[in-house]
Amino acid sequence: MIPFNHLGPVFKAFSSLVYPRAFRTIFASSLQEVPDGGTVLDVGSGTGILSQFAWRKRSDLMYTMIDPAPGMLKFGPGFARKVRGRAEYLPFAEGSFDAVFAGDCLHHFNDPRKAIKEIRRVLKKDGVLTVFEIDPGSMLGAVITRGERMFREPAHFYRPEELAARLAAADFTCRISRYDWRYAIIADAGDGKSAMGHRRMMQETSPL
C-alpha cells in the first residue's frame with residue numbers, strides 16, 4: 001500500500017502540478033453554480049489542493065476536507081474544517097453540501113459504488129460534483145494502473161464514459177472534459193426522483 005499518511009509534505013509541494021490549467025478554468029467556472037456562502041466537501045482531499053484552487057476564486061464558501069490519512073490533513077489549508085474519514089462512510093447529514101470535489105482519489109476508494117452513493121446523499125439537490133481522474137485507456141494511464149496494483153492499491157480506474165454512466169445511474173448529469181491521459185467530470189445532481197438516472201444527458205466539453 002502507498003504510505004499516504006507519511007507523504008503529506010510531498011503532496012503539499014507537488015500535487016498542484018497534477019491539474020492542468022485548462023481543467024482549472026473549467027473547475028473555476030463550475031463554482032459559479034455554488035450559492036454565496038455555500039458549503040463544500042473535498043472528499044479524499046489529501047492536502048486539499050482542490051479546495052485551495054476553489055478558495056482563490058470563492059473565499060466566501062465554507063470548506064470541509066475529509067481524508068483517512070491524518071498525515072495529509074495536517075498539511076491542509078487553515079480555512080478548511082478537517083475530518084478524518086472515508087468516502088464510503090461520510091459522517092454528514094443528507095443534503096449537507098452545495099458542492100463536492102473528488103480530485104485524483106476515486107481510484108483509491110475501496111468501494112467506489114458506495115462512495116458515489118454517499119456523495120450523492122450528502123449533496124444537495126442541484127448541487128455540483130467535480131471528479132478528476134486518470135484514464136486507464138491511455139498509454140500512461142495503463143502504466144499507472146499497473147503500478148498501483150503492484151503497490152496493492154485498489155486501483156479502481158474507469159474510462160470517462162464508464163464513470164459518467166455510473167454517476168448518471170446515481171442521478172447526475174455529467175459533462176466530460178479530457179486532458180490527454182487525464183479527465184474531469186462536472187456532474188450536476190438531480191432531485192433524487194429520477195428512476196431512469198442512467199438515461200440522463202451526458203455532454204462532452206473540450207479544454208479551453
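Student: Is Arg-58 buried, partly exposed or exposed in this structure?
Tutor: In this predicted model, the relative accessible area of Arg-58 comes to 12%. Because a residue counts as buried when its relative accessible area is under 20%, the class that applies to Arg-58 is buried.

Student: Which residue forms a salt bridge with Arg-58?
Tutor: The closest N and O atoms of the pair are 2.8 Å apart, and a salt bridge asks for a side-chain nitrogen of Lys or Arg within 4 Å of a carboxyl oxygen of Asp or Glu.

Student: How many salt bridges does a search of the whole structure find?
Tutor: Side chains of opposite charge can pair when their charged atoms come close. For the whole structure, the number of salt bridges found is 9.

Student: In which helix do Arg-121 and Glu-118 both lie?
Tutor: The side chains of Arg-121 and Glu-118 meet in a salt bridge, at 2.8 Å from N to O. Arg-121 counts as partly exposed at 27% relative accessibility, while Glu-118 counts as buried at 14%. The two residues are 3 residues apart, about one turn of the helix, and that helix is H5.

Student: Which elements do the buried residues of H5 pack against?
Tutor: The buried residues of H5 include Glu-118, and among the others are Pro-112, Ala-115 and Ile-116. The elements that the buried residues of H5 pack against are strand E1 (39–43), E4, strand E5 (123–134), helix H7 (160–169), strand E6 (172–179) and strand E7 (182–189).

Student: What is the N to O distance of the salt bridge between Arg-166 and Glu-162?
Tutor: Arg-166 and Glu-162 both lie in helix H7, 4 residues apart, about one turn of the helix. Arg-166 is partly exposed, with a relative accessible area of 28%, and Glu-162 is partly exposed, with a relative accessible area of 37%. Their side chains meet in a salt bridge whose N to O distance is 3.9 Å.

Student: With which side chain does the side chain of His-107 make a polar contact?
Tutor: His-107 is found in the loop between strand E4 (97–103) and helix H5 (112–122), and His-107 is buried, with a relative accessible area of 1%. Leaving aside residues up to four places away in sequence, His-107 touches several residues, including Glu-133, Glu-148 and Phe-157. The polar contact made by the side chain of His-107, at 3.1 Å, is with the side chain of His-108.

Student: How many disulfides does the count come to?
Tutor: A disulfide is a covalent bond between the sulfur atoms of two cysteines. Among the cysteines here, Cys-105 is buried, with a relative accessible area of 4%, and Cys-174 counts as buried at 1% relative accessibility. With a pair of cysteine sulfur atoms required to lie within 2.5 Å, the number of disulfides comes to 0.

Student: How far apart in space are Arg-56 and Ala-28, C-alpha to C-alpha?
Tutor: Arg-56 has its place in helix H3 (residues 49–57), and at 56% relative accessibility Arg-56 counts as exposed. In sequence, Arg-56 and Ala-28 are 28 residues apart. In space, their C-alpha to C-alpha distance is 9.3 Å.

How values were computed: Residues numbered from 1 in each chain as written. Predicted model: local features only at pLDDT ≥ 70, side-chain atom pairs only at ≥ 80, totals over all residues. Heavy atoms only, no water. Buried < 20%, exposed > 50% of the residue type's maximum accessible area, 1.4 Å probe, protein only. Polar contact = N/O pair within 3.5 Å; in protein donor to acceptor, adjacent residues only side chain to side chain. Contact = heavy atoms within 4.5 Å.
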